[in-house]
Structures are given as structure tokens and as C-alpha cells.
Amino acid sequence: MEKYLSQLNEAQLAPTIQKDGPMIVIAGAGSGKTRVLTYRIAYLMSQGIDPFNILSLTFTNKAAREMKERIAQIVGASEAKNLWMGTFHSVFAKILRIEADRLGYPSNFTIYDAQDSDRLIASIIKEMNLDKDVYKYKQIRSRISSYKNSLITVKAYFNNPELIEADKAARRPRMGDIYKNYVERCFKAGAMDFDDLLLKTNELLTRFPDVLAKYQDRFRYILVDEYQDTNHSQYLIVRALSDRFQNICVVGDDAQSIYAFRGANINNILNFQKDYDDVKLFRLEQNYRSTKNIVNAANSIIDKNQTKLEKVVWTANDDGPKIKVNRLMTDGDEGRYVASSIFENKMNQQLKNSDFAILYRTNAQSRAMEDALRKRGIEYRIYGGLSFYQRKEIKDVLSYLRLVINPSDEEALKRVINFPARGIGQTTIDRLVVAANGYNRSIFEVIQNLDKVDIKINSGTKGKLQDFATMIESFQVMNQTANAFELAEHVTKTSGLIREFNKDATPEGVARMENIEELLNGMKDFVEEQKELADTTGSLAEFLEDVALATDLDNDKGDDDRVALMTIHLAKGLEFPYVYIVGMEEDLFPSAMSMNTRSELEEERRLFYVALTRAEKQAYLTYTLSRYRWGKLIDAEPSRFIEEIDDEYLEVLTPVNDPRQNPMLSADIFGDVEPSPNTIRFKKPLRKKMEKKQPPKFVPPPKLKPVSKTTGNPANLFDGKLTVGNIVAHIRFGKGEVLKIEGAGADVKAEINFENGGVKKLLLRFAKLEVI
Ligand code: ATP
Ligand code: MG
């Protein structure tokens, strides 16, 4: 037997060496599902299967990279290079580029991110003269996304009276027209949004039998990790591709299905055995990740769900310490407690920062954690939130680069045609859009043919537009010989971006320059890495593809020693020795918005199961007695999920230095002291253990004023240009409305009601705000 196979137990070995036919591995967390997939690929290759014939689909690109590295250790790097591995989106984007012309797309199509889609939808709503309070672009985008993920094309939409009626009933009778417009505009811009990557793949495979046959023949062995979270569109792709050889291996855990809100369909895993003939079902029962206390506690939680496949999960690992439950007064105290506990654990047990993770239900909860970690001098990294590539200055650079690759890219063009300012006003841009729509051409083509088109623009402005086009064309010429880094360096200088950002000597301006530098460094690394790992040149097109599909997790090279902060959704599949799950409160976790039906509540419970099972050695749960939500301090109650864990696995602590019991202790001192190990049981709240009957308390989000103008320009806030009513974006707190401005000069402060953090007073000199 091959040596590496001895690193599997018997139950894992069976699916690993089951070479052919459809098979499913259903097993609980930490039982080695991902390990089985990895070793199975190595095994297939050792059996002479060509790596070009193996397709492996993972939840993140990071997971794919790690798998590839492990396989490379077993079978050698040169062979592993040729495996098809990645997320659904990244793998099928590659295939779509190869086959683009079948669908009438250029192979250099742009991938629009959520922000690009939002902007396009907002501008369509404006062009159609619709009321933007009724037609909210974010809602429209999520409707369009769910149509696409259910394969409802524009044509299918208009053929479906039920959908039309539903939108009428929702007082959005023009929904179908917006959808149609949106699809046409994306097509004209040579752009696909995220959902298109799956929708168009389905279209490709159904409309062109020869293409289907080609990829069926190529992907003779297909493997899918985290199968429980596939959506309908992904399901159909997998079915179509595996139809001929039926060598399909999926692994998953129904208890970890947590993306129903994004269209994931748990039935995909439940019905797998009906979809194929002679499916071999494998179960893994031994957990290698966590201590007995953690495994048993997690089992006791998931037991409360009615809809589930019965599974056994046990571990031969040590009992380990019990799960610590801690009650704190406020989120500030919670942050200080977590930071000091990490500090102590590090000191006492010689641990690294990267041994710790802090998991939360909502991104907004990171702020208190960050503050406390910073005060303690503990390095951390936040995953999720506004990703690096979505920052304004980075998107500006990327927009120029996107135009080099695909000048039809309308959203990129609108973003930079007058940034840095070159005297091309909004009216001109509006006229260009109208002309482009009229001629059914891209805006860039209209600019290239200004003398031939019917458009009211004065000759001075025409000159400026032509200069812009000439500049982009000159970048395109350079792109034929330069690599991504060389080109980007040239573009940032020539376009005037560097000069523009250099003008701004405020801390925000300096930070922007640093970010651009970081982007350029990243591109340099990318060029080097591509040469080594993938045998390609590191072209700009490759770089942009990588960026468009990067999730925040993917940027993590795993080599820095930081505490990981992320939402539970992002933590799926990962593991950490020490895990803190914070904000264990009713209405927060389970979320107030997900308690209306049993199935929503069960999804929240699965989310908690995922959170707890990330921990290897020790898990901590914390909750507070009061918390700011949407700007109001509200009383909080401990989460029902704490009560649902069998008592024997818990150690419930109440800090003896609770400030209410000892007024001598200030909050600061409190934060520096680890709560005494003397445990005091807290009295369980007098309410029914199981699901609450009364409707949840839901504090509605503040009404934001509609976005008045989407200039995207950086607000020079120091100048005091910010006014009451402006909508701004903050890197951590998200969107917010300016309520009040006070102070003068360098001390101007704004009171802002943020979606994710409630009302905050910020010193504009330091606050990284952007008017949107
Ligand atoms: P999840 O459901 O969270 O995705 P999983 O079922 O995919 O978990 P893995 O991540 O593959 O589980 O394995 C969990 C941990 O246990 C990993 O650190 C893995 O290396 C380790 N492991 C799995 N099987 C074995 C084994 N036979 N011997 C030793 N360690 C193992
Ligand atoms: Mg896994």
C-alpha cells in the first residue's frame, strides 16, 4: 500500500480508494472529509489518472491551494500543477474564457463585483426615471441574483406570470425591465457578474452538446467539498459534467449547511443518492480535530435540530478543558476579556497569535475586539468586511487596468474617465451613456468615433475625451509586452493617479498611497509566483482574474502570526486551537432576523455547530448584559444555544471582579484581570428552554437617506465638505448617515449613524470616511 494511505483510518481509506462510480461521504465536522478528498486525488493520480482529467471544487481558493500543496508533497509538484482545482466561480470563469465566443462574449470579459453591479443597477434605475426609494438597488440586485441562481433568465422571467405578479404585488412592476436592461448592459460591456459565471456555464453546457461532451470527457473524475452548500446552479453543472463517466465524489455534512440565505439547497446533499445509480455511501465517525468536551458539546447542540441525518461523531482525543462561558457587562468588557484571555493563554502555554480565532455572527462585532486587541498589542487580522480590493484607491487603479484588458467595461470607464479630474463633466458622461445605448455600442467605442456619432459635446471636451482614449490605447500597446507589475506601475504614474493621491498629505491620503504601494508589491509577487507555480507569464489579465475571484480568505498567505477575526460563515472548513465565540446573545445569535421559522432557527443552530467545531483544544463563549444595536443600548439575554449545551461540558464563569459587585474596579482594570477560576453558576433565565413563541425583538435598521450622487470621489473631509445628510462609508462600520457636524479646523467631528455600529462620533482628521 502507498505510504501516505497509512495516514488514514479504515473508514477514511474506503472512500479514498473507491476509484470509480458515484459516491458520497456524509460525516460530521473534523472527521477528515477534506482529508479524504485530498488523498483521493493523490490516489487517483497514483493509479495513472491524468491530473488534467481531475476536477476538484472547493469552498475557497485557499482550500484548493492547500489541497494542491499537500498533493504536491505526495505526488510531486510538477504533476499537481495540472489539476483543475478551485471554487466553482474560479474554475468556470476559466472555462468561460475558453468558450466565450460561443456565448457572444469576448474572452477578455470583465468580472463585475458586487459594487460594480450595484452601481450599474443604480444608474439603470435613474435612467428609467424610477423612484429609488421603491426600487432599492441592493434589493434589486439580490432579486436578480436569485433569478440567476435558479436559472431564471430574462426570457424565462417574462414567460412566468407568477414571477411578474409577485413583483407587481411587491410594488415593483418594472422589475423585469430592470433585469432585462441590466443583462443587456452587462453583455454590451463584455462583463459577467458573479452569478453569471454559473448561469452562463449552465447555458454553455445545455446549448452546446459538443462543449458539454468536451468537458465531460475532460473531467472524468469530479470531487466536490462542502457539497451541502451548493446552490441549484452549481448542482446542475456538477450533474451535467459527471453524467457520462459518473465518477463523482461529493463530501459534506448536512449539519454544516449555512448558506440557505444565499440560495444553497440542502436537498442537493439529501437527494444525492436518488440522482445517480448505485451510489456508494460512506460515513466517517471519528473526529480528529477536537477534544471530547468540544465534540460532545457540539453533538448535544445539533441534536436539538429536527431536520438532520443521524450521525455519530466521537473522538479518541483527550477530554480537554470544559467550554468556558463568560458573562460581561458590555461589548467593551467582552473585548477586554477576550484580549486578556488570549494574552494569558499565550504567556502560560507558549502559543502564537495564529493559534487563536475570534468568531462572531455579524461583522460589526469586530470593532470592540479590535480595540481591545490593539490596546494589548496583540496583532490580529480581520477577514471579510471591505476587502482590500474594494477600497476606493485600489478600485481606481484596477479600473484603469480593467479598461486596458476590456475597454468596453462600462463601470470601470465611468469610474476613471474623470478621475483624476480632466474636465469631463457628469453631463458629458450622461450623454455618452445615452449615445452608447442608442448605437448599441460601448462608451469607449463612442469616444473613439466622436466625429461620426450624433452627440452634443463641445470640441474642447471632445479633445479631452480623445486624449483619454489615446492614453488607454497606449496602455494596451504596452500590455502586449509588459507583465502585470510593469504595466500597473506605468499606469498609476501616467494616469495621474499617483500625483493625485500624493497631493493629499492627511493621514488618509498617506494611507491611500501606502495601499497603492501594497497593490504594486502584490502584483510583483504575483508575477514571480505565477512563473514558479503555474508556468504562466503573470500577465495583467491573469492578475485581474485572480483579484476578481479572490475572497478575503484567499489573500491570507498563512505566514503571518495574527489572531484571526471573522464571521462564522467565513470560518467553515477551518480549524484553530483556541476559539472564542463572542456575542452569544438572543437576537444576535440566533439572529433576530432568523427566528421566524423553525427552519431559520435550525440554520442558526447549524451555524453555532460550525463555530464550536472549529476549535481544537479549547472553546470560549461570551455574552454581554447590554449591547449597542442601531445606536441604542439594549438589554441582552444569553443565547438559548448556551443553555442547549449539556451542563457537563460547560464551565460557567462569572467574573468576581464584576464592576457591579466591586465598584472599586474600573472597567480598565477589569479588562486586565483574568476572571477568577472560582466558578459561580448563573441562574438560568426563567423562560422556556426551547423555541420562544413570542415574535423576536427586532430593532429595525435606521432609515438611510437615499444616495444622492455616486461620485465615488474621496471626500476631502478635513476641508469640512461633509454635510449633514451625507451618506458615508467607513471601512469597519459600513454605511452611515451624517447626523451632526461640530467643532472647527482640525477638530471637526461628525456624529454618524452607522448601519453596523450605531451612532459614533468621529474626528474627521482620523476617520477614514468616504462620501458615497
Ligand atoms: P469540516 O467538516 O470542518 O470541513 P472535515 O471533515 O473536512 O472537517 P478535515 O479538515 O479533513 O475534516 O480533518 C480535521 C482535522 O483532522 C485535520 O487537521 C486533519 O488533518 C485531521 N485528520 C483527519 N483524519 C486524520 C487521521 N486519520 N489521522 C490524523 N489526523 C487526521
Ligand atoms: Mg472540510
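The UniProt annotation "binding site", from an unreviewed entry, covers Ala27, Gly28, Ala29, Gly30, Ser31, Gly32, Lys33 and Thr34. UniProt positions follow the numbering used here, feature names are shortened, and annotations may be inferred rather than shown by experiment. This is a predicted model, in which local features need pLDDT of at least 70 and side-chain atom pairs count only at pLDDT 80 or more, while totals for chains, interfaces and linings use all residues. Residues are numbered from 1 along each chain as its sequence is written, and chains are lettered from A and ligands numbered from 1 in the order in which they are written.

**Annotated domain**

- An unreviewed UniProt entry places the feature "domain: UvrD-like helicase ATP-binding" at residues 6-291.
- Helices (H or I, at least four residues) and strands (E, at least two) are DSSP runs, numbered from the N terminus.

- Glycine 30 lies in the loop between S1 and H2.
- Glycine 30 is buried, with 26 other C-beta atoms within 10 Å.
- A residue is termed buried if 20 or more other C-beta atoms lie within 10 Å of its own, exposed if 12 or fewer, and partly exposed in between, with C-beta atoms placed from the backbone.
- Among the 19 residues around ligand 1, Gly32, Lys33, Thr34, Arg35 and Tyr288 come nearest; a residue is near a molecule or strand if its C-beta atom, placed from the backbone, lies within 6 Å of it.
- Helix H2 (residues 33-46) supplies three residues, the largest share of the shell around ligand 1.
- The shell around ligand 1 comprises four nonpolar, ten polar and five charged residues; Ala, Val, Leu, Ile, Met, Phe, Trp, Tyr, Cys and Pro count as nonpolar, Asp, Glu, Lys and Arg as charged, and the others, Gly among them, as polar.

- Five of the five residues of strand S7 (residues 248-252) are buried, so S7 is largely enclosed by the rest of the structure.
- From S7, Ile248, Val250 and Gly252 point one way, and Cys249 and Val251 point the other way.
- Strand S1 (residues 23-27) pairs with S7 in the parallel sense over four bridges, where strands pair if DSSP finds at least two bridges between them.
- Isoleucine 26 stands opposite glycine 252 in S7.
- Strand S6 (residues 221-224) runs parallel to S7 and is joined to it by three bridges, with leucine 223 opposite cysteine 249 in S7.
- S6, helix H13 (residues 232-242) and S7 form a right-handed β-α-β unit; right-handed denotes that, with the strands pointing away from the viewer, the path from the first strand over the helix to the second runs clockwise.

- In helix H18 (residues 366-376), the residues Ser366, Ala368, Met369, Ala372 and Leu373 are buried.
- Down the axis of H18, the buried residues fall within an arc of 165°, so they line one face of the helix; the arc is that of the directions from the helix axis to the C-beta atoms.
- Helix H24 (residues 484-494) has Ala484, Phe485, Leu487, Ala488, Val491 and Thr492 as its buried residues.
- Down the axis of H24, the buried residues fall within an arc of 160°, so they line one face of the helix.
- Glycine 496, which follows H24, has a positive phi near 90°.
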